[in-house]
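Please examine the structure shown below before reading on.

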Amino acid sequence: MTGREARKHLKNITQKYFAGATVDFAKQSSKVRAKAPFVCLTLGSPTRDSFPTQRMVDDRMVSYYQTRLPVQIDLFTNGTEGEAGGNGFVSMEDTSVDDLTDFVDYLESGYVIDWCHRIGAAIIVNGGVQALTGLVTDTDYEYRAMVEIVFCYVHKAVGYTGIQGEASIQHPSEDATTPPESPEKPGEPAQPGEPSVTPVPKGDGSEPGYVVPEDTEEGVTVKPVFEPTASGGGSQELVENTEAGYFGKVNIEYKKEESKQ
């Protein structure tokens with residue numbers, strides 16, 4: 001998973017809960033400020049292991065970096081109407097902490113845990129919900145609360161130069177686009193039939209049938225895919241001309257050493 005995909009997943013899972021609010025990332029100066037309720041995602045600097053797990057996939061080295069992305073989630077809301085006083089005036093009630101606590105319950109629910117398993121990630125709630133209403137100096141919002149989480153995922157560096165895209169790893173299950181006509185292909189008498197192949201659905205991981213394919217499954221191939229970065233990084237030449245081959249088979253010949261008398 002790339003950082004861009006991680007941001008997309010974070011916004012997606014947050015929007016699924018806050019369906020009646022605006023969800024966006026911080027420092028989006030080009031956009032008009034959203035009205036309450038508003039959920040702001042502020043991303044920190046990702047950190048990853050210094051020594052990745054490495055594995056040979058289709059005779060190509062793949063490095064797996066465990067990556068942790070800190071995220072601050074701020075909820076801005078105008079609250080809800082409280083009980084009317086003796087003079088008939090209805091005051092607003094601060095619900096920011098309760099509302100964000102309910103969201104934390106959602107993040108720690110079985111639904112989100114299963115979603116994380118399907119996309120190959122994890123969400124860790126880092127501390128409790130903090131009330132920040134007293135820190136708000138903007139008249140556009142009445143109440144505010146904040147919670148911190150850590151989004152954990154695995155980033156893959158593919159190939160000798162490490163710049164092949166993760167899409168270079170192609171899984172046989174991803175090639176199946178249509179289900180078979182029947183559950184099984186009939187075999188010969190007294191012989192078992194061939195099991196059906198269920199296609200892996202494309203999506204954001206919310207689909208119950210979505211499963212991130214494993215690189216260890218049989219039939220995985222690596223076909224170099226290169227996408228230059230927006231900053232001009234990488235090179236097609238590095239991908240095409242620097243890929244080193246690997247030993248697939250080695251013949252070992254044993255010789256008996258004669259002892260010297």
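A crossing of two helices is left-handed if the near helix is turned anticlockwise from the far one by less than a right angle, and right-handed if it is turned clockwise. In this predicted model, H1 passes H3 in a right-handed crossing. The contact involves His-9, Asn-12, Ile-13 and Lys-16 from H1, together with Tyr-111, Val-112, Trp-115 and Ile-119 from H3. By class, these residues comprise 5 nonpolar, 2 polar and 1 charged.

H1 also passes H2 in a right-handed crossing. Here Ile-13, Thr-14, Lys-16 and Tyr-17 of H1 meet Asp-99, Asp-102, Phe-103 and Tyr-106 of H2. This contact has 4 nonpolar, 1 polar and 3 charged residues. The geometry of the two pairs is set out below.

| Helix pair | Angle between axes | Axis separation |
|---|---|---|
| H1 and H3 | about 155 degrees | 12 Å |
| H1 and H2 | roughly 120 degrees | within 11 Å |

Angles over 145 degrees count as roughly antiparallel, and H1 is therefore roughly antiparallel to H3. H1 and H2, by their angle, are therefore oblique to each other.

What is the size of the largest nonpolar core, in residues? It has 30 residues, and those with the most contacts inside it include Phe-18, Trp-115 and Ile-123. Among the elements that each supply at least two residues of this core are helices H1, H2 and H3 and strands E5 and E10. Ile-123 is in contact with Leu-107, Val-112, Trp-115, Cys-116, Ile-149, Val-150 and Phe-151, leaving aside neighbours within four places in sequence. A second, separate core of 7 residues includes Tyr-64, Ile-169, Val-220 and Val-222.

Note on methods: Residues are numbered from 1 along each chain as its sequence is written. This is a predicted model: local features need pLDDT of at least 70, side-chain atom pairs count only at pLDDT 80 or more; totals for chains, interfaces and linings use all residues. Side-chain values use heavy atoms; hydrogens and water are left out. A nonpolar core is a set of buried Ala, Val, Leu, Ile, Met, Phe, Trp, Tyr and Cys residues joined through side-chain atoms within 4.5 Å. Buried means under 20% relative accessible area, exposed over 50%, partly exposed in between (1.4 Å probe, protein chains only). Helices (H or I, at least four residues) and strands (E, at least two) are DSSP runs, numbered from the N terminus. Contact means heavy atoms within 4.5 Å. Axes are lines fitted to C-alpha atoms, for helices over the stretch in contact, and angles run from 0 to 180 degrees between N-to-C directions. Angles under 35 degrees count as roughly parallel, over 145 as roughly antiparallel, 65 to 115 as roughly perpendicular and the rest as oblique. Ala, Val, Leu, Ile, Met, Phe, Trp, Tyr, Cys and Pro count as nonpolar, Asp, Glu, Lys and Arg as charged, and the others, Gly among them, as polar.
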